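I opened my notebook today to look up a few things in a protein model. Come along and check each entry against the picture.

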Amino acid sequence: MSTLRQGLYGLALLAALGLLLWGQQQRIGAADGRAALGAEQARHSQQAAATAQANAARLQGLLADERQAQADLRHLHNQLRAGLVARNQQIEELKRENQELRRWADQPLPAAARRLRQRPALSGAAAYRDWLSGRGAVPAAGDPPHSNGDLLTDQDAIEAAWAECAAQVDTVYQQQQKAAHP
């Protein structure tokens, strides 16, 4: 072999070695890029998991508050019902014990009071709106009263329903305030 040929083989060998090193460097660079991208995705996933865990904890707290508010509302409802039952029992006892109260409670309602509790049969929202606009009577709860005692019992039931409704509105408002200002 001649020197020129050995030099060309050496040069070809060096070129092949250089090409191999350059290819390895490209593969290492691509692997480093993939590793960096994987690390960035892992960091992003950890942040998302931390945010999700914080949201879950906040929602669990809100759920616990909501359940407590519902329990409080049920307790208040039961107290109001018990109070209404006790008041009705007290009225019945008073009617049994007091002849004057019994006579008053058994009196028929005056015509004006009966008219206040009458309402026409309504069918649909438009009829209801027209009736309200036409100065119709206030709708009665249950059967129309026939005596003062019935009217007093209805008043007690309505007051208890208003108290229950007010308690529900208060609970909803408090929960909305808690949710708006955690």
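My entries go from the whole chain down to single residues.

**Ground rules.** I am working with a predicted model, in which local features need pLDDT of at least 70, side-chain atom pairs count only at pLDDT 80 or more, and totals for chains, interfaces and linings use all residues. Residues are numbered from 1 along each chain as its sequence is written, and side-chain values use heavy atoms, with hydrogens and water left out.

**The whole chain.** I looked up the helices and strands, which are DSSP runs numbered from the N terminus (H or I, at least four residues, for helices; E, at least two, for strands). The protein chain has 5 helices and 0 strands. Reading from the N terminus, I noted the order α-α-α-α-α.

Next I checked burial, where buried means under 20% relative accessible area, exposed over 50% and partly exposed in between (1.4 Å probe, protein chains only). Of the 182 residues in the protein chain, 12% are buried.

Then came contacts, meaning heavy atoms within 4.5 Å. Taking contacts between residues at least 6 apart in sequence, I found that 61% join residues at least 24 apart.

How do the axes of α1 and α2 cross? Axes are lines fitted to C-alpha atoms, for helices over the stretch in contact, and angles run from 0 to 180 degrees between N-to-C directions. Helix α1 (residues 3–97) and helix α2 (residues 99–106) have axes that come within 5 Å and cross at roughly 115°. That makes α1 roughly perpendicular to α2, a label for 65 to 115 degrees (under 35 is roughly parallel, over 145 roughly antiparallel, the rest oblique).

On the α1 side I listed L94, K95, R96 and E97, which meet Q99, L101, R102 and A105 in α2.

**Two single residues.** Is L109 buried or exposed? L109 sits in the loop between α2 and α3 (111–116), and is buried, with a relative accessible area of 3%. I also checked L109 against G149, 40 residues apart along the chain: their C-alpha atoms are separated by 9.5 Å.

T171 belongs to helix α5 and counts as buried at 14% relative accessibility. Which residues does T171 contact, leaving aside its neighbours within four places in sequence? My answer is A69 and L73.

**A last look at the lining.** Helix α1 gives the most, with 4 residues.
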